[in-house]
Amino acid sequence: MQRGALLDAARSLLSEGGTEALTFPALAERTGLARSSVYEYFRSRAAVVEELCAVDFPVWAAEVEVAMQRVDTPEDKVEAYVRRQLALVGDRRHRAVVAISAGELDAGAREKIRAAHGGLIAMIVEALAALGHEQPRLAAMLLQGVVDAAVRRIELGAAEDPGEITEAAVAMALRGVGG
């Protein structure tokens, strides 16, 4: 119960202020626990972020997968893959996933997160192969790069509306840079 409350508080802090806001004193204050009690559950901020990713990333990935399953053509699957990820940008679970800084996590945690991300990329490989890509796994990684860039642009509060960023990312995914 306390662990869940700590994770929920961490999601809120990350959503409100990014990784800088995620401190043990802030977690203690949000949950009403003593700061020393927070250390009973987590050894570091990185451990909090790692657990958030372990809990939240599969839920987020499942939402992307469901969106892809609802459509039939490979093109529609690519579009759903991009749109669903970008629709999740404001979600507190997504904020936790995005907040990961490789410098804050140990090698084991980074590897777990890379593996989870690999599962997300694997979802789109089949659709890209059906579209005729000679190297669908490479194409999937590059497509995820487009999605990641769009996520960063939305998170920055860029001059463009998030809807415009989403449309541009979908167009790039489906038609490349040729427009």
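In the predicted model, Arg-3 is placed over the face of Phe-42, 4.7 Å from the ring centre; a charge sits over a ring if NZ of Lys or CZ of Arg is within 6 Å of the ring centre and within 35 degrees of the ring normal. Residues are numbered from 1 along each chain as its sequence is written. Because the model is predicted, local features need pLDDT of at least 70, side-chain atom pairs count only at pLDDT 80 or more, and totals for chains, interfaces and linings use all residues, while side-chain values use heavy atoms, without hydrogens and water.

Two aromatic pairs were identified (rings of Phe, Tyr and Trp, the last by its six-membered ring, with centres within 6.5 Å; planes under 30 degrees apart are stacked, over 60 edge-to-face, the rest tilted). The ring centres of Phe-24 and Tyr-39 are separated by 4.4 Å and the planes meet at 55 degrees, so this pair is tilted. It links distant parts of the chain, with Phe-24 in helix H2 (residues 24-31) and Tyr-39, 15 residues apart from it, in helix H3 (residues 35-41); helices are DSSP runs of H or I of at least four residues, numbered from the N terminus. Phe-24 is buried at 5% relative accessible area, whereas Tyr-39 is partly exposed at 45% (buried, under 20%; exposed, over 50%; partly exposed, in between; 1.4 Å probe, protein chains only).

For Phe-57 and Trp-60, a centre distance of 5.2 Å and a plane angle of 85 degrees make the pair edge-to-face. Both residues lie in helix H4 (residues 45-69), three residues apart, about one turn of the helix, and both are buried.

Methods:
Helix = DSSP H or I, 4+ residues; strand = E, 2+ residues; numbered from the N terminus.
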